[in-house]
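Try each one yourself before reading the solution.

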Amino acid sequence: MRARVAALIAVICTLLPIGAQTLADRHSGWMMIDFRAYYCAALAQRERFDPYLVEPLHTCESMTPLPFYRAPDRVTVPAPYPPYALALLAPLTFLPFPIAAALWWSLLAACITAGAWALSKLIGRPFSIGWAAFALSLGLTCFPGGNAMPIAATAITFGAFFLQRGRALAASACVAIAMVEPNVALPAAIGLFVSTKSARVSLIVGAALLGALSMLAAGIPLNFEYLGTVVPAHALSEVSRDNQYSLSTVVAAFGLAEKASAMLGAASYLLMTFVGVIVGLILRRRYRDPAFAIVIPTAFALLGGSFVHTEAIAAAVAAALLLFSRTNELRTLSIAAVLLLTVPWMLASSMALFIVPILPVAYLIHQLWNRERVAWASGGVAAAAIIAVLFVFASAPAPHVIPQLVQTHAFIDPKLAEASWRNFVLGNVTNRAATWLLRAPSWLGLILVVGVAITLCRRFLVGKASSEAVTS
């Protein structure tokens, strides 16, 4: 009975803020902004137009029926997804946008629920734990705007779940599905490929199928345009954005040229993916849990990079929870990482986030860490204090300030949607203290995951070397 009451509280305390945020986005005109871009790009590709150019993308976005997002003049929201992802969305474009949006919302809700179930099974905990971990980190960040991240994060979690149970083919299929968000899924795919021989053929087949779908849907020139022009242009368009967590954004804010910042971010992504794969393999061996090979590289690649948004942080939650669940070492740091990553602190300017001290923070502390009232109550009070501070800073009006150290901006072809989007981003850059404070808790959570994982690896290797020395 007590477990049912706890689960009911978990559901209510997450559905309410998600619903409130969706209504707030409806009134502010931002509702389904991401899905609108997906829909229009998929429609353009289906009708054999270039889905990455301003036109016909802007015309489609500006004709959105209210109350959904409608693009203003001179702003085109790009859809920087590979042609195969847009092809998978094509069936929805045969429907009127409101109906397509309702179906998309249904899919996202199903993914968040299924992802919570898979996460709970992955760590051997009740469903309410998985729900508390994903409902805000995925639901609150993605549901109002219709972002596709729940599909990728859920697929990666299911991939780890299936691999944990020795089902390599199913794990490969899940990782292939997660490639709708290639920058998040690629580290998981590499980790799976390197760690599991039985998954290699199926991964190659999955990649071939996605490639064939891309070619069939868009043709060779458009695929080359996507890889060679659109991806670099989108990285440049987001370099100065205040809500980016990427290394590119950090170094650009301190004056490094945009192109150099994007290149440095890309290099850090490759480096962290490489390190994450190695660490995942070692943890897989130490704890005899193959799931580490998928979730650890995914989490590592989110620290740095050239493109990391708030919703992507949820992809690191599985790694934090698995570390907490599989070892008795460094558990204080692990639970801190879990709490920091399950809360979308960037949304502290929204009243919807004031539920966070109750759930997930106090709830997860009570269920995972310590059931003593002083423990979970203290955690809730601390979370409330952080939210209050962030809310005050985020809500304070601030003048638009473009970083003075950045004198020029790298060229983006004005025909690309990214050109108008970069202008929109620059028009909202402040680079004020609040933007750094809002990102700091999530950065700290990622740092803790990386630090705990590397420390556990080092201890294992040192212990193994000492054991071998004694034996010899």
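Helices here are DSSP runs of H or I with at least four residues, numbered from the N terminus. Keep in mind that this is a predicted model.

**Exercise 1.** Find where Thr-196 sits, and decide whether it is buried or exposed.

*Solution.* Start with the location: Thr-196 is in the loop that joins α9 (182–195) to α10 (200–237). Next, take its relative accessible area, which is 8%. The cut-off for buried is under 20%, so Thr-196 counts as buried. Now check its partners: its side chain has a polar contact with the side chain of Ser-195 at 3.1 Å. Skipping residues up to four places away in sequence, Thr-196 touches Leu-163, Ala-168 and Arg-284.

**Exercise 2.** Work out how α6 and α16 pack against each other.

*Solution.* Two numbers get you going: the angle between helix α6 (residues 127–142) and helix α16 (residues 357–369) is about 155 degrees, and their axes are 10 Å apart. As for handedness, α6 crosses α16 in a left-handed way. On the α6 side, the contact uses Ser-128, Ile-129, Ala-132 and Leu-136, while α16 brings residues including Pro-360, Tyr-363 and Gln-367.

Conventions:
Residues are numbered from 1 along each chain as its sequence is written. This is a predicted model: local features need pLDDT of at least 70, side-chain atom pairs count only at pLDDT 80 or more; totals for chains, interfaces and linings use all residues. Side-chain values use heavy atoms; hydrogens and water are left out. Buried means under 20% relative accessible area, exposed over 50%, partly exposed in between (1.4 Å probe, protein chains only). A polar contact is a pair of N or O atoms within 3.5 Å; within protein, one must be able to donate a hydrogen and the other to accept it, and residues adjacent in sequence count only if both atoms are side-chain atoms. Contact means heavy atoms within 4.5 Å. Axes are lines fitted to C-alpha atoms, for helices over the stretch in contact, and angles run from 0 to 180 degrees between N-to-C directions. A crossing is left-handed if the near helix is turned anticlockwise from the far one by less than a right angle, and right-handed if clockwise.
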